[in-house]
Amino acid sequence: MSRFKNLFTALAAVVLGLLAGALFMALSGSNPLAGFYYLFRGGLMNMERIGNTLASATNLIFTGLAVAFSFKTGLFNIGASGQMLMGGLTATAIGLSVQMPRMILLPLIVLAAAAAGALWAAIPGFLKAKFNVHEVVATIMMNWIAYWTVYYTIPAYFKGTFLETESRRIPPLASLRADWLTNIFRGSYINLGIFFALGAVIVIAIILDKTTLGFELKAVGFNRYAAEYAGIPVSRNIITSLGISGALAGLAGATYYIGYAVNMQIGVLPTAGFDGIAVALLGANSPWGVLASSIFFGVLHSGKGFMNAMTKVPPEIGDTIIAIIIYFAATGVLFTRLWERLTRRWGKEA
Amino acid sequence: MQTLALIFPYAIAFTIPLLAASLGGLFSERSGVVNIGLEGLMVSGSFTCAVVASRMETVLGPGNPGALWMGLGAAVVVGALFSLLHAFASISLKANQVISGTAINMIAGSLTVFLARTMTGSGNVRIVLGFIPADIPVLSAIPILGPLLFTKTYATTWLMALILAVSWFVIYKTPFGLRLRACGEHPQTADAAGINVYRIRYIAVMLSGALAGLAGGIILVTYSGEFNGSVAGLGFLALAALIFGQWKPLGILGATAFFGFAATIANVSQVIPQFSRIPGLLLKAFPYVVTLIALVLFSKSSQAPRAAGEPYDQGKR
């Protein structure tokens with residue numbers, strides 16, 4: 001029953017978000033129907049577009065899983081952006097400086113990026129466990145430290161050929177893009193990351209539902225003191241939870257900076273980290289829900305450019321809709337109450 | 001000394017918006033509502049101020065103080081109204097306050113740029129001329145203090161000094177302040193004493209929205225002059241300053257001043273020989289690292305309002 005309730009809440013949030021988007025399109029003097037037509041067409045009209053949608057969804061699956069996983073332990077990892085940057089920086093650094101056969105290099109890069117993200121998140125985890133420092137503020141601080149680390153490291157060691165503000169191009173050997181995949185999707189940004197992402201969904205689902213670790217993490221999330229009383233090491237679980245969360249965000253960084261993109265820009269805190277919050281909320285923190293909502297947001301992301309080209313609607317409408325969906329997902333209790341009222345009424349009639 | 005006199009006006013200009021936003025956070029958290037949406041509220045204030053001030057400048061002339069004050073006033077109003085979204089979600093619907101605040105940040109970040117693009121074609125809104133820093137007569141002639149505090153000051157700086165004093169008075173010396181603090185410490189008891197917890201929290205969140213909106217406006221009319229869709233994480237820094245300052249007005253003044261100076265030193269380090277030898281990364285990351293260290297030191301004996309972050313439910317006692 002509660003699964004239907006979650007689905008109803010998520011769908012209500014999506015519908016209201018789209019309605020609000022329609023309202024803003026109308027207010028800015030455009031036809032909302034045309035806007036949405038081109039928005040979805042832009043995300044789905046041919047293989048290349050579908051590839052781009054999946055490529056956008058790849059990062060969101062990882063950051064969404066990262067946020068959802070920490071939520072399950074009662075922690076709010078708002079630092080997925082920073083962890084993503086560190087994962088991306090590590091991936092870029094290895095990709096640009098190490099020469100190895102692709103079969104060894106790619107796994108090495110991916111693992112190193114995950115480790116970097118895990119480490120970046122484990123620091124706030126440690127501070128939370130040992131000193132009770134609130135993880136929201138700590139991860140935000142780590143975001144900015146990551147931002148400035150990238151800002152100074154890229155120009156100093158991996159400066160681009162033409163611009164100071166970006167790294168050199170990742171050689172094809174170290175890139176997550178694969179020719180056969182790019183060819184199927186007619187030259188889109190899609191890369192091997194999508195397979196890692198699908199794998200991560202399954203692995204996280206198994207960890208959460210089928211393992212002792214997952215049980216302990218959820219127990220800490222439900223009631224930290226009860227968990228402690230039951231003999232579960234709370235501190236260790238907090239660090240583990242944020243560590244795994246950070247590893248997922250680090251993977252997002254790898255798939256974004258050496259898969260979706262061809263180099264790393266400085267001075268940008270990737271928005272995928274914050275979109276991950278939306279993805280996790282909309283997916284009710286379940287790995288499969290994260291997968292579904294990532295693909296939906298992926299459509300919005302890859303379709304907004306096309307919509308902007310065909311109509312006068314600014315591309316920011318995509319982000320606006322996502323933001324409003326989060327707000328309605330946060331106020332989901334409204335719809336939950338509505339759902340309960342509806343089901344009660346039906347129950348009486350039946 | 002000369003270096004100090006050079007840094008001070010910039011550092012103060014940078015501190016003031018941070019102080020405004022952080023004071024806003026203080027009102028909200030002291031009433032028991034965590035407002036992580038300060039960043040977004042600042043963005044909305046900055047956007048509103050840019051739109052109103054730039055329109056009024058075309059009527060009244062570039063840099064006209066009237067136009068700029070109208071922009072600031074509009075920023076305050078829009079900030080307060082926008083924060084109602086957060087208040088409704090977190091007080092009336094008892095939603096997760098951190099998530100609702102994050103939604104505020106994301107809505108502000110995308111919607112303002114959307115509107116800016118609809119209005120101007122680009123995502124930016126620019127005012128022609130902001131406030132011009134001026135020396136305070138007589139006071140600026142005082143040795144040492146004069147050049148540091150009373151030269152090249154903005155009118156908004158003195159407004160914030162006044163707001164800080166009034167805030168301190170309101171929080172500690174008025175019935176409203178007592179009720180506000182009671183709602184943040186133990187809302188059940190406050191309710192039993194006849195205080196309308198929901199009403200106090202609504203007022204507090206709107207005050208935080210108003211002050212954060214003002215903060216965004218001040219950034220625009222003093223040192224930035226252009227709205228570009230973000231306030232570069234200052235809202236989050238204000239939140240850190242709130243914790244650093246241990247939820248006390250004067251503590252916040254100290255914390256924001258610290259951030260103001262740290263950021264200014266990082267920004268001007270290239271031109272000042274004493275600092276140019278320090279790697280840029282260390283200077284830029286310094287405020288954030290120090291915040292983490294401060295959090296480690298303070299979190300054990302944290303003075304956080306006890307009920308901050310918890311929705312108040314009358315049925316739960």
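**Entry 1. Nonpolar core**

I looked up the largest nonpolar core and found 220 residues in it, with A:Leu65, A:Leu248, A:Leu251 and A:Ile326 having the most contacts inside. I took a nonpolar core as a set of buried Ala, Val, Leu, Ile, Met, Phe, Trp, Tyr and Cys residues joined through C-beta atoms within 7 Å. A residue is buried if 20 or more other C-beta atoms lie within 10 Å of its own, exposed if 12 or fewer, and partly exposed in between, with C-beta atoms placed from the backbone. Helix α9 (residues 197-224) of chain B gives the largest share of this core, 15 residues. Helices (H or I, at least four residues) and strands (E, at least two) are DSSP runs, numbered from the N terminus.

I note that this is a predicted model, in which local features need pLDDT of at least 70 and side-chain atom pairs count only at pLDDT 80 or more, while totals for chains, interfaces and linings use all residues. Residues are numbered from 1 along each chain as its sequence is written, and chains are lettered from A in the order in which they are written.

I then listed the partners of A:Leu65 beyond four places in sequence: A:Ala200, A:Val201, A:Ile204, A:Leu248, A:Pro287 and A:Val290. Contact here requires C-beta atoms, placed from the backbone, within 7 Å.

**Entry 2. Packing on α9(B)**

I checked helix α1 (residues 2-30) of chain B against α9(B): the angle is about 170° and the axes are 7 Å apart. Axes are lines fitted to C-alpha atoms, for helices over the stretch in contact, and angles run from 0 to 180 degrees between N-to-C directions. The two helices are therefore roughly antiparallel (over 145 degrees; under 35 is roughly parallel, 65 to 115 roughly perpendicular, the rest oblique). Their contact divides into 17 nonpolar, 5 polar and 1 charged residues. Nonpolar means Ala, Val, Leu, Ile, Met, Phe, Trp, Tyr, Cys and Pro, charged means Asp, Glu, Lys and Arg, and the others, Gly among them, are polar.

Helix α3 (residues 65-92) of chain B packs on α9(B) at about 140°, with axes 6 Å apart, and the pair is therefore oblique.

**Entry 3. Contact between the chains**

I found 34 residues of chain A and 37 residues of chain B in the contact. On the side of chain A that touches chain B, α6(A) gives the largest share, 10 residues. That side divides into 27 nonpolar, 5 polar and 2 charged residues.

**Entry 4. Positive phi**

I recorded phi near 60° for A:Asn285, a positive value in a residue other than glycine. A:Asn285 counts as buried, with 21 C-beta neighbours inside 10 Å.

Terms used:
Contact = placed C-beta atoms within 7 Å.
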